[in-house]
Amino acid sequence: MKKTFLLLIILFAFYSVNAQNETDANPYQKNNEIKLNLIAPLSGAVEAGYERHLNKNSSLGISGFFVYDHKKEKDTNYFISPYYRYYFGKKYASGFFVEGFGMFTSIDGKKIYSADHLTFTENKDIYDVALGAGLGWKLVTKKGLVFEANAGYGKLLFNGDKTEHGVVAKFGLSIGYRF
């Protein structure tokens with residue numbers, strides 16, 4: 001299933017690039033973006049991302065989320081999440097968007113408490129893959145500053161029963177630069 005999903009994303013991206021006609025092409029358009037999530041530090045983590053715009057309405061990207069304070073973030077250790085976005089705005093790769101994402105994640109295993117609830121056993125880290133969807137909104141200034149708000153929800157595919165939950169969520173208020 002993972003191979004099929006990845007193949008579909010690659011074929012769709014290839015089709016999007018080849019389907020772009022000459023009137024859409026703008027040799028001066030900036031197609032790369034880097035971003036930093038401003039709300040990730042509230043949960044003791046850092047999230048950064050890169051996005052490559054394929055044309056006016058679509059892009060491929062990847063983001064990485066790494067926890068540095070395990071007291072605030074209860075169970076996630078990190079995730080790496082590639083995504084595809086489709087934009088509905090009038091300007092180049094901006095406005096309202098929908099996204100489909102995959103995610104490779106490391107999550108703490110279930111905590112098993114003893115009958116007296118005084119001691120517990122913690123399972124090892126669980127590695128899993130998730131698939132999900134999200135939506136958001138992006139504003140780009142003339143100087144290339146990017147402001148973005150997004151949310152996404154997905155499901156763990158293989159080891160959800162070994163964790164405290166079987167779902168993943170992505171939230172972001174990001175600032176970045178388009179170059």
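A residue counts as buried when its relative accessible area is under 20%. The legends below use this term throughout, and they describe a predicted model.

Figure 1. The backbone of A93 has a positive phi of about 45°, although A93 is not a glycine.

**Figure 2. The protein chain comprises one helix and 10 strands.** Along the sequence, the order of elements is α-β-β-β-β-β-β-β-β-β-β. The protein chain has 179 residues, of which 41% count as buried. Among contacts with a separation of 6 or more, 56% are between residues 24 or more positions apart.

**Figure 3. The largest nonpolar core holds 12 residues.** Its members are A40, A45, F65, V67, F79, Y83, F101, M103, I107, A130, L156 and V168. Two or more residues of this core come from each of the strands β3 (58–67), β4 (76–87) and β5 (95–107). Strand β5 gives the most, with three residues.

**Figure 4. A salt bridge joins E33 to R178.** The structure holds 11 salt bridges. In the pair shown here, the closest N and O atoms of E33 and R178 are 2.8 Å apart. E33 belongs to strand β1 (residues 32–37) and R178 to strand β10 (residues 167–178), so the pair ties together parts that are 145 residues apart in sequence. E33 is buried, with a relative accessible area of 0%. R178 also counts as buried, at 3% relative accessibility.

**Figure 5. E51 forms salt bridges with R85 and with K138.** The closest N and O atoms of R85 and E51 are 3.2 Å apart. Because R85 lies in strand β4 and E51 in strand β2 (residues 45–53), this pair ties together parts that are 34 residues apart in sequence. Both R85 and E51 are buried. The side chains of E51 and K138 meet at 3.0 Å, N to O. K138 lies in strand β8 (residues 126–140) and E51 in strand β2, so this second pair ties together parts that are 87 residues apart in sequence. The relative accessibility of E51 is 0%, and K138 is buried with a relative accessible area of 1%. Salt bridges with shared partners join E33, K35, E51, R85, E99, K138, E148, K170 and R178 into one network.

**Figure 6. The aromatic rings of F104 and Y127 are stacked.** A search of the whole structure finds eight aromatic pairs. In the pair formed by F104 and Y127, the ring centres lie 6.3 Å apart and the planes meet at 5°, so the pair is classed as stacked. F104 is part of strand β5 and Y127 of strand β8, so the pair ties together parts that are 23 residues apart in sequence. F104 is partly exposed, with a relative accessible area of 37%. Y127 is likewise partly exposed, with a value of 44%. Ring pairs link F66, Y78, F104 and Y127 into a cluster.

**Figure 7. The charged end of K170 sits over the ring of F101.** The distance from the charged end of K170 to the centre of the F101 ring is 4.4 Å. F101 is one of the residues of the largest nonpolar core, while K170 belongs to the network of salt bridges that share partners.

Figure 8. With a relative accessible area of 14%, N150 is buried. Residues up to four places away in sequence are not counted here; beyond them, N150 touches R85, F97, E99, L135, G136, K170, F171 and G172. Among these partners, R85, E99 and K170 are members of the salt-bridge network.

Key:
Residues are numbered from 1 along each chain as its sequence is written. This is a predicted model: local features need pLDDT of at least 70, side-chain atom pairs count only at pLDDT 80 or more; totals for chains, interfaces and linings use all residues. Side-chain values use heavy atoms; hydrogens and water are left out. Helices (H or I, at least four residues) and strands (E, at least two) are DSSP runs, numbered from the N terminus. Buried means under 20% relative accessible area, exposed over 50%, partly exposed in between (1.4 Å probe, protein chains only). Contact means heavy atoms within 4.5 Å. A nonpolar core is a set of buried Ala, Val, Leu, Ile, Met, Phe, Trp, Tyr and Cys residues joined through side-chain atoms within 4.5 Å. A salt bridge is a side-chain nitrogen of Lys or Arg within 4 Å of a carboxyl oxygen of Asp or Glu. Rings of Phe, Tyr and Trp (its six-membered ring) pair if their centres lie within 6.5 Å; planes under 30 degrees apart count as stacked, over 60 as edge-to-face and the rest as tilted. A charge sits over a ring if NZ of Lys or CZ of Arg is within 6 Å of the ring centre and within 35 degrees of the ring normal.
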